[in-house]
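Q: Could you walk me through this structure, one feature at a time?
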Amino acid sequence: MLPPPGWPLLWLGLLLSSSAVLESAAQVNSATDALNVLLIIVDDLRPSLGCYGDKLVKSPNIDQLASHSLLFQNAFAQQAVCAPSRVSFLTGRRPDTTRLYDFGSYWRVHAGNFSTLPQHFKENGYVTMSVGKVFHPGISSNHSDDSPYSWSLPPYHPSSEKYENTKTCRGQDGELHANLICPVDMADVPEGTLPDKQSTEEAICLLEKMKTSASPFFLAVGYHKPHIPFRYPKEFQKLYPLENITLAPDPEVPDSLPAVAYNPWMDIRQREDVQALNISVPYGPIPVDFQRKIRQSYFASVSYLDTQVGHLLSALDDLQLANNTIIAFTSDHGWALGEHGEWAKYSNFDVTTRVPLMFYVPGRTTSFPEAGKMLFPYLDPFDSASQSMEPGMQTTDLVELVSLFPTLASLAGLPILPPCPVPSFHVELCREGENLLKHFGSHDLEEDPELRGNPRELVAYSQYPRPADTPQWNSDNPSLKDIKVMGYSIRTIDYRYTVWVGFDPHEFLANFSDIHAGELYFVDSDPLQDHNIYNYSQHGEIPPSLMP
């Protein structure tokens with residue numbers, strides 16, 4: 001049951017009126033020295049943004065944030081599905097440590113009583129607040145968004161969330177449907193609003209309250225779009241005329257792709273407008289005109305999301321909080337838009353594991369603005385004068401989302417997290433990801449080899465479970481008890497290598513002597529990862545055309 005609108009603000013009033021709480025916070029952190037943190041987490045957002053070089057997508061507000069940030073060009077999630085990824089980067093542990101590969105367990109009971117990113121800030125004097133989808137709701141966060149451990153007050157969820165998967169999409173027949181593609185007239189939707197708009201409004205209210213607080217704050221804001229259904233204000237469709245929408249550069253299922261690696265996108269098939277297409281299972285394909293409509297609506301959803309981020313950052317600036325607030329922006333995983341004949345997430349390819357990741361640190365990633373100047377004025381994506389902005393600082397080094405926890409803690413001056421021992425189920429606070437603090441030096445990251453280290457030594461790990469060697473109804477989201485195969489993937493600067501091995505869900509053990517299939521892609525010669533040379537490599541017969 002969702003709390004009533006404004007519930008967190010009632011608690012926040014009580015919290016800020018408690019002198020004992022404020023005294024305790026002041027003892028741990030000096031209000032004049034501690035930096036606030038605004039963590040923005042987006043659902044299903046691949047790096048289809050202007051700041052990542054996408055020439056079609058209009059994302060001026062996120063691009064503006066990037067222009068004042070350190071942007072990581074090659075950041076990867078540890079599992080391309082919501083709950084496991086969020087628990088991973090919010091605890092700083094990999095899925096094999098949280099033992100969460102599906103949506104069916106709570107890590108504190110199932111694996112270990114691991115501290116979380118917001119909990120670490122809370123225990124160091126911060127007021128911690130959650131708005132929207134931060135942890136995945138349900139048993140994976142104990143039906144409470146990990147309260148009270150992680151949050152100082154009850155997490156806020158928009159009241160209009162409950163309509164996301166109901167029949168609110170008006171079809172050509174004039175009736176309401178539960179469709180994949182769902183541009184809406186705001187006057188027609190239940191409550192006259194959408195979840196992300198409500199989350200932005202609530203987050204701004206919390207910022208207004210915290211402006212006068214003696215305590216630093218940690219505010220996490222989780223946005224739903226571009227998660228399906230593509231339910232967004234219909235005017236955003238005008239930004240992307242269908243005649244300008246191209247197909248994925250590699251829309252066919254590669255001949256060399258092992259069946260176990262394929263994601264049959266069953267959640268998309270369940271939408272009424274997709275069902276009406278009578279697409280064959282499991283390999284499709286979706287008709288070309290509908291592929292363009294899906295891509296159009298994904299990009300429109302991204303631009304709608306961008307406006308919400310813009311309003312939030314503009315409010316932060318208006319409240320004169322931008323000069324003492326760290327901003328981190330990321331996504332839980334990417335999303336395939338027809339690449340390899342796949343849609344959605346649920347795989348180990350770059351297109352589903354690579355995510356946007358950027359950090360704005362006042363006075364560190366950009367200069368403090370002149371008096372009266374704003375860093376984050378709202379930019380309208382419909383304004384043709386809005387130009388794409390280049391990132392302020394950037395690095396091409398490979399990094400992992402599991403590094404978010406130790407990096408944010410270090411940037412805020414909190415106690416440094418030690419590396420986790422192996423195993424670490426008994427250790428409440430440690431990190432399995434690298435601390436990325438070294439990237440925030442004053443040196444040019446692209447030119448200083450001492451600072452960067454050897455890029456060929458950098459590795460990003462991802463994994464994905466399957467219930468069988470061939471696609472079936474639960475291949476995308478198998479329950480723990482049904483997992484029979486685990487695909488472990490290693491991404492380096494040169495290649496992506498994936499091995500699919502037998503997996504025992506009762507013992508949480510992978511059997512690397514039981515190899516079901518393998519994938520090997522050279523990034524330089526095959527950037528889209530369409531030519532699997534694993535079998536060639538086993539026999540030393542790699543075609544010269546596919547060599548790096």
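Predicted model: local features only at pLDDT ≥ 70, side-chain atom pairs only at ≥ 80, totals over all residues.

Q: Let's start with helices; at what angle do helix 8 and helix 11 pack?
A: Helix 8, which covers residues 195-210, packs against helix 11, residues 288-318, at an angle of about 10°, and their axes are 10 Å apart. Angles under 35 degrees count as roughly parallel, and helix 8 and helix 11 are therefore roughly parallel to each other.

Q: Which residues in helix 8 and helix 11 meet?
A: From helix 8 there are Asp-196, Lys-197, Thr-200, Ala-203, Ile-204 and Leu-207, and these meet Tyr-304, Gln-308, His-311, Leu-312, Ala-315 and Leu-316 in helix 11. Sorted by class, this contact of helix 8 with helix 11 has 7 nonpolar, 3 polar and 2 charged residues.

Q: And helix 3 with helix 11, how far apart are their axes?
A: The axes of helix 3 and helix 11 are 7 Å apart, and the two helices pack at an angle of about 50°. Helix 3 and helix 11 are therefore oblique to each other. On the helix 3 side the contact is made by Pro-60, Asn-61, Ile-62 and Leu-65, while helix 11 brings Leu-305, Asp-306, Thr-307, Val-309, Gly-310 and Leu-313.

Q: What is that contact of helix 3 with helix 11 like by class?
A: The contact of helix 3 with helix 11 has 6 nonpolar, 3 polar and 1 charged residues.

Q: Changing topic, how much space lies in the largest pocket?
A: The largest pocket holds about 670 Å³ of space, and 28 residues line it, with Arg-170, Gly-171, Gln-172, Asn-179 and Ile-181 lying nearest its centre.

Q: Which elements supply at least two residues of that pocket's lining?
A: Strand 4 (169-170), strand 5 (176-177), strand 6 (181-184), helix 10 (272-275) and helix 11 each supply at least two residues of the lining of the largest pocket. By class, the residues of this lining divide into 11 nonpolar, 8 polar and 9 charged.

Q: What about cavities, how many of 30 Å³ or more are there?
A: A search of the whole structure finds 3 cavities of 30 Å³ or more, and about 40 Å³ of space lies in the largest cavity. The largest cavity is lined by Ala-261, Ser-347, Asn-348, Phe-349, Arg-496, Thr-498, Trp-500, Glu-519 and Tyr-521.

Q: Which element gives the most to that lining?
A: Strand 16 gives the most to the lining of the largest cavity, with 3 residues. The elements that give two or more residues to this lining are strand 16 (495-504) and strand 17 (509-522). The lining of the largest cavity divides into 4 nonpolar, 3 polar and 2 charged residues.

Q: Now charges: how many salt bridges does the count come to?
A: The count comes to 16 salt bridges. One of them joins Asp-43 and Lys-133, whose closest N and O atoms are 2.6 Å apart. This pair links distant parts of the chain, 90 residues apart, with Asp-43 in the loop between strand 1 (36-42) and helix 3 (60-67) and Lys-133 in the loop between strand 3 (127-132) and strand 4. In general, side chains of opposite charge can pair when their charged atoms come close.

Q: What is phi of Glu-191 near?
A: Phi of Glu-191 is near 70°, which is a positive value in a residue other than glycine, and Glu-191 lies in the loop between strand 6 and helix 8.

Q: Last one, which residues does Asp-482 touch?
A: Not counting residues up to four places away in sequence, Asp-482 touches Arg-466, Pro-467 and Asn-474. Asp-482 sits in the loop between strand 14 (460-466) and strand 15 (485-491), and Asp-482 and Arg-466 are 16 residues apart in sequence and 8.0 Å apart in space, C-alpha to C-alpha.

Note on methods: Residues numbered from 1 in each chain as written. Heavy atoms only, no water. Axes fitted to C-alpha atoms, helices over the stretch in contact; angles between N-to-C directions. Helix = DSSP H or I, 4+ residues; strand = E, 2+ residues; numbered from the N terminus. Parallel < 35°, antiparallel > 145°, perpendicular 65-115°, else oblique. Contact = heavy atoms within 4.5 Å. Nonpolar A, V, L, I, M, F, W, Y, C, P; charged D, E, K, R; others polar. 1 Å grid on protein atoms, 1.4 Å probe; cavity = no way out; pocket = protein on both sides within 12 Å on 5 of 7 lines; lining within 4 Å. Points joined across faces, edges and corners; volume = space filled by probe spheres on them. Salt bridge = Lys/Arg side-chain N within 4 Å of Asp/Glu carboxyl O.
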